Amino acid sequence: MTRLKIEISVPESHVEQVVDALHAAGAGRAGEYARCTSVWRITGSWLPLPAAQPYQGTPGEVQRAEECRVESFCEREQAAAVLKAVRAVHPYEEAVVHFLPLYDPAVD
């Protein structure tokens, strides 16, 4: 199995919904611990293109706003379910969810 780090940017108003969705899909489990997650504030920026219907901002204008970065982890086999769960509750038209492979020296 390959463990993946999950990174998601989300408005603070939706952090708990995203965290709940992550963990309902099986992410953030380490031995006898569940809901293992980190959250911190970041500043995001984006440019909605003319056909966009942004959650925040106006097409054609660069936007900058405070967001939260939610991080957790899951096994590779859980990634599709995690992505589906997060996108179901994320308010953005195009929620960006990054999955990054994690190195495990115990497996080497």
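His14 is buried, with a relative accessible area of 16%, which is under the 20% cut-off for that class. In this predicted model, His14 sits in the loop between strand 1 and helix 1 (15–24). Leaving aside residues up to four places away in sequence, His14 touches Tyr55, Val89 and Pro91. Tyr55 also belongs to a cluster of linked ring pairs, together with Trp46 and Tyr92. Trp46 and Tyr92 in turn are among the residues nearest the centre of the largest pocket.

**Overall chain**

- The protein chain contains two helices and four strands.
- Read from the N terminus, the order of these elements is β-α-β-β-α-β.
- The C-alpha trace of the protein chain spans about 50 × 25 × 25 Å along its principal axes.
- Of the 108 residues in the protein chain, 34% are buried.
- When contacts between residues at least 6 apart in sequence are considered, 72% of them join residues at least 24 apart.

**Strand 1 and its partners**

- Six of the eight residues of strand 1 are buried, so the strand is mostly covered.
- Strand 1 pairs with strand 3 in the antiparallel sense, over eight bridges.
- Within that pairing, Ser9 has Arg69 of strand 3 as its bridge partner.
- Strand 1 also runs antiparallel to strand 4, and five bridges join the two.
- On this side, Leu4 has Pro101 of strand 4 as its bridge partner.

**Helix 1**

- Which residues of helix 1 are buried? They are Val15, Val18, Val19, Ala21, Leu22 and His23.
- An α-helix has 3.6 residues a turn, so residues three or four places apart point the same way.
- The cover over the buried residues of helix 1 includes strand 1, strand 2, strand 3 and helix 2.

**Aromatic cluster**

- The structure holds two aromatic pairs.
- A pair of aromatic rings is described by the distance of the centres and the angle of the planes.
- Trp46 and Tyr92 form a tilted pair, at 6.4 Å centre to centre and with 40 degrees between the planes.
- Trp46 lies in strand 2 and Tyr92 in the loop between helix 2 (79–89) and strand 4 (97–101), so this pair ties together parts that are 46 residues apart in sequence.
- Trp46 counts as partly exposed, at 24% relative accessibility.
- Tyr92 is buried, with a relative accessible area of 18%.
- The ring centres of Tyr55 and Tyr92 are 5.8 Å apart and their planes stand at 50 degrees, so this pair is tilted.
- Because Tyr55 lies in the loop between strand 2 and strand 3 and Tyr92 in the loop between helix 2 and strand 4, the pair ties together parts that are 37 residues apart in sequence.
- Tyr55 counts as partly exposed, at 41% relative accessibility.
- Tyr92 takes part in the pair with Trp46 and in the pair with Tyr55, and the ring pairs link these three residues into a cluster.

**Largest pocket**

- The largest pocket holds about 440 Å³ of space.
- Strand 1 (3–10), strand 2 (38–46) and strand 3 (63–75) are the elements that give two or more residues to its lining.
- The lining of the largest pocket consists of 20 residues, and those nearest the centre are Trp46, Glu67, Tyr92, Glu94 and Val96.
- By class, the lining residues of the largest pocket divide into 10 nonpolar, five polar and five charged.
- Two of the residues nearest the pocket centre, Trp46 and Tyr92, are the partners of the tilted ring pair at 6.4 Å.

**Positive phi angles**

- Arg35 is not a glycine, yet has a positive phi of about 60 degrees.
- Where is Arg35 found? Arg35 is in the loop between helix 1 and strand 2.
- Arg35 is partly exposed, with a relative accessible area of 40%.

How values were computed:
Residues are numbered from 1 along each chain as its sequence is written. This is a predicted model: local features need pLDDT of at least 70, side-chain atom pairs count only at pLDDT 80 or more; totals for chains, interfaces and linings use all residues. Side-chain values use heavy atoms; hydrogens and water are left out. On a 1 Å grid over the protein atoms alone, a cavity is a set of points where a 1.4 Å probe fits but cannot get out, and a pocket is an open set with protein on both sides within 12 Å along at least five of seven lines; lining residues have an atom within 4 Å of a point. Grid points are joined across faces, edges and corners, and a volume is the space filled by probe spheres set on the points. Ala, Val, Leu, Ile, Met, Phe, Trp, Tyr, Cys and Pro count as nonpolar, Asp, Glu, Lys and Arg as charged, and the others, Gly among them, as polar. Rings of Phe, Tyr and Trp (its six-membered ring) pair if their centres lie within 6.5 Å; planes under 30 degrees apart count as stacked, over 60 as edge-to-face and the rest as tilted. Buried means under 20% relative accessible area, exposed over 50%, partly exposed in between (1.4 Å probe, protein chains only). Two strands pair if DSSP finds at least two bridges between them. Contact means heavy atoms within 4.5 Å.
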